[in-house]
Amino acid sequence: MRFGIHVPKQADLPATARYAAQVGCETIQLFSGNPMSWMTGALDAREREAFIEEIERARIGPVVLHTPYLINLATPDKRLQANSLRGLTAAMVRAHQLSARTVIVHCGNHMGAGTDAGIDRAVRMLEKALDRTPPESTVALENGAGKGTEIGLSVDELARLVAPFPRERVGIVLDTAHLWGLGYDLSEKPVLDGLVADLKSGPGLDRIWTIHGNDSSADLGSRRDRHALWTEGHMGRKGLRTVVGCKALSHLPFIFEIPGETPEFDRRRLASMRRLDRRLNGPRNRPRN
Ligand SMILES: [Zn+2]
Ligand SMILES: [Zn+2]
């Protein structure tokens, strides 16, 4: 596994890359723009080049971008559809410009229209987004915890969302706290093994591109999404060991989404993850990306 964090924005993109390098990230997630805004804004060419240079120098990869929370792929509201499509394509173009592996987007909310209608709408919007972006640009759908009218919860729903698209362009991100909220007790190895088997026979393991490694302070199966610092939530040490020790997932980037309090905190938690990985999976031969 390659370990990293969602890096809080520093003064500019190169400074953000330097922060990631300084704390020992092997992979990183960044917001594609302001997470609470529709605006992505233009990227300064020099800033972009300097970012890529810093990332390459530190041998960080993959870089993934997270889209703003306002985007709703499954909405029946025409105006929100238009804004969401624009927001998603802007993020995909940004990812392409930053040589990022992919952009991560939540599957969306059906707003009362029902899961099937929501999945159809999300698929149609993804079709348009893929048409409007460079053929190398990709998108990864993040599983939900089941809050409100969210879609993209079960393995079956995720499989239906990605199935219409080429395997190299649309993938899945698994957020461990969202899985917990949905009722998967990942601290139990048989539960995780069962999930992996379902992923294999459903969308296929090659559709899983990233793990969002979050502990959860919500109750198991509560359909609530309350990220906690690992190991301060309910999955705890046992959950972390089960996920990191899972051979079927050990090639994936693993990203902590909760920011650490200090660079020192981030450095220590990433170093301890690498030690845990070595203990559970043996010495690493670190392929890039
Ligand atoms: Zn997310
Ligand atoms: Zn997440």
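Me: Among contacts in the protein chain between residues at least 6 apart in sequence, what percentage join residues at least 24 apart?

Reply: First, a caution: this is a predicted model. The share is 76%. Those contacts link residues at least 24 apart in sequence.

Me: What makes the radius of gyration agree with a compact globule?

Reply: For 289 residues, a compact globule would have a radius near 19 Å. The protein chain has 18 Å, so the two agree. The C-alpha atoms fill a box of roughly 50 × 50 × 30 Å along the principal axes.

Me: Why is leucine 13 called buried?

Reply: Count its neighbours. Leucine 13 has 21 other C-beta atoms within 10 Å. The cut-off for buried is 20 or more. Therefore leucine 13 counts as buried.

Me: Which residues does leucine 13 touch, leaving out those up to four places away in sequence?

Reply: Glu47 and Phe51. Glutamate 47 is 34 residues away along the chain, yet its C-alpha atom is 6.5 Å from that of leucine 13. Leucine 13 itself lies in helix H1, residues 13-23.

Me: How do you know that methionine 273 is buried?

Reply: Apply the cut-off of 20 again. Methionine 273 has 22 C-beta neighbours inside 10 Å, so it passes. Methionine 273 is found in helix H9, residues 263-281.

Me: What percentage of the residues count as buried, and how many helices and strands are there?

Reply: Of the 289 residues, 46% count as buried. The chain has 9 helices and 10 strands.

Methods
Residues are numbered from 1 along each chain as its sequence is written. Chains are lettered from A and ligands numbered from 1 in the order in which they are written. This is a predicted model: local features need pLDDT of at least 70, side-chain atom pairs count only at pLDDT 80 or more; totals for chains, interfaces and linings use all residues. Helices (H or I, at least four residues) and strands (E, at least two) are DSSP runs, numbered from the N terminus. The radius of gyration is taken over C-alpha atoms; the globule rule is 2.2 Å times the number of residues to the power 0.38. A residue is buried if 20 or more other C-beta atoms lie within 10 Å of its own, exposed if 12 or fewer, and partly exposed in between; C-beta atoms are placed from the backbone. Two residues are in contact if their C-beta atoms, placed from the backbone, lie within 7 Å.
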